[in-house]
Amino acid sequence: MINWDQVKQLEEDIGAEDFGDVVVMFIEEVDEAVDNLRTEPQLSDDDLAAAMHFLKGSAANLGFNDFAGYCSDSEKKAQSGESAQVNLSTVVTMYDQSKALFLGDVSKHTAFVPE
């Protein structure tokens, strides 16, 4: 579910001292985007595609591979006018699970210790 090699590479690329700030920013921004999906489940195809694109990119950067893959598939469906085939409950659940796993194990793989 989490690509720890990607996470470790990101930490090396930006530096351990800045990695925690990036994680916090990522979580805040993605929490907001996922909360929007919870409260606005009737998005247009274009809006849903844009939301999935943002989530896909953010998730991939921080190693949330399964979540990024689901968002990528969902983005393609929305771009094809098939938003009804995107299960927003699955998006939310996958993010919540990925986030919990990440925050629970990140200190085993990096210097970052979540508060």
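The following legends describe close-up views of a predicted model.

**View 1. Helix H2 and the helices against which its buried residues pack.**
Helix H2 runs over residues 16-39, and its 24 residues reach 35 Å from the first C-alpha to the last, close to the 34 Å expected at 1.5 Å a residue. The buried residues of this helix are Phe19, Gly20, Val23, Phe26, Ile27, Val30, Ala33, Val34 and Leu37. These buried residues pack against helix H1 (4-14), helix H3 (45-61) and helix H5 (88-109).

**View 2. The crossing of helices H1 and H5.**
The axes of H1 and H5 come within 11 Å and cross at roughly 60°, an angle that makes H1 oblique to H5. In passing H5, helix H1 makes a right-handed crossing. On the side of H1 the contact is made by Trp4, Val7, Lys8 and Glu11, while H5 contributes Leu101, Phe102, Asp105, Val106 and His109.

**View 3. The aromatic pair of Trp4 and Phe102.**
The count of aromatic pairs in the model comes to six. In one of them, Trp4 and Phe102 are stacked, with 5.6 Å from centre to centre and 10° between the planes. This pair links distant parts of the chain, since Trp4 belongs to helix H1 and Phe102 to helix H5, 98 residues apart. Trp4 is buried, and Phe102 is buried as well. Both residues also belong to one aromatic cluster, which is formed by Trp4, Phe26, Phe64, Phe67, Tyr95 and Phe102.

**View 4. The aromatic pair of Phe19 and Phe112.**
Phe19 and Phe112 form an edge-to-face pair, with 6.3 Å from centre to centre and 80° between the planes. Because Phe19 lies in helix H2 and Phe112 in the segment after H5, the pair ties together parts that are 93 residues apart in sequence. Phe19 and Phe112 are both buried.

**View 5. Val113 in the segment after H5.**
Val113 lies in the segment that follows H5, and it counts as exposed because its relative accessibility is 57%, whereas Phe112 is buried. The C-alpha atom of Val113 is separated by 17 Å from that of Gly63, a residue 50 places away along the chain.

**View 6. The crossing of helices H3 and H4.**
The axes of H3 and helix H4 (residues 65-79) come within 8 Å and cross at roughly 160°, and the two helices are therefore roughly antiparallel to each other. Helix H3 passes H4 in a left-handed crossing.

With a relative accessibility of 1%, Ser74 counts as buried, because the cut-off for a buried residue is under 20%.

Terms used: Residues are numbered from 1 along each chain as its sequence is written. This is a predicted model: local features need pLDDT of at least 70, side-chain atom pairs count only at pLDDT 80 or more; totals for chains, interfaces and linings use all residues. Side-chain values use heavy atoms; hydrogens and water are left out. Helices (H or I, at least four residues) and strands (E, at least two) are DSSP runs, numbered from the N terminus. The expected span of a helix is 1.5 Å times one less than its number of residues. Buried means under 20% relative accessible area, exposed over 50%, partly exposed in between (1.4 Å probe, protein chains only). Contact means heavy atoms within 4.5 Å. Rings of Phe, Tyr and Trp (its six-membered ring) pair if their centres lie within 6.5 Å; planes under 30 degrees apart count as stacked, over 60 as edge-to-face and the rest as tilted. Axes are lines fitted to C-alpha atoms, for helices over the stretch in contact, and angles run from 0 to 180 degrees between N-to-C directions. Angles under 35 degrees count as roughly parallel, over 145 as roughly antiparallel, 65 to 115 as roughly perpendicular and the rest as oblique. A crossing is left-handed if the near helix is turned anticlockwise from the far one by less than a right angle, and right-handed if clockwise.
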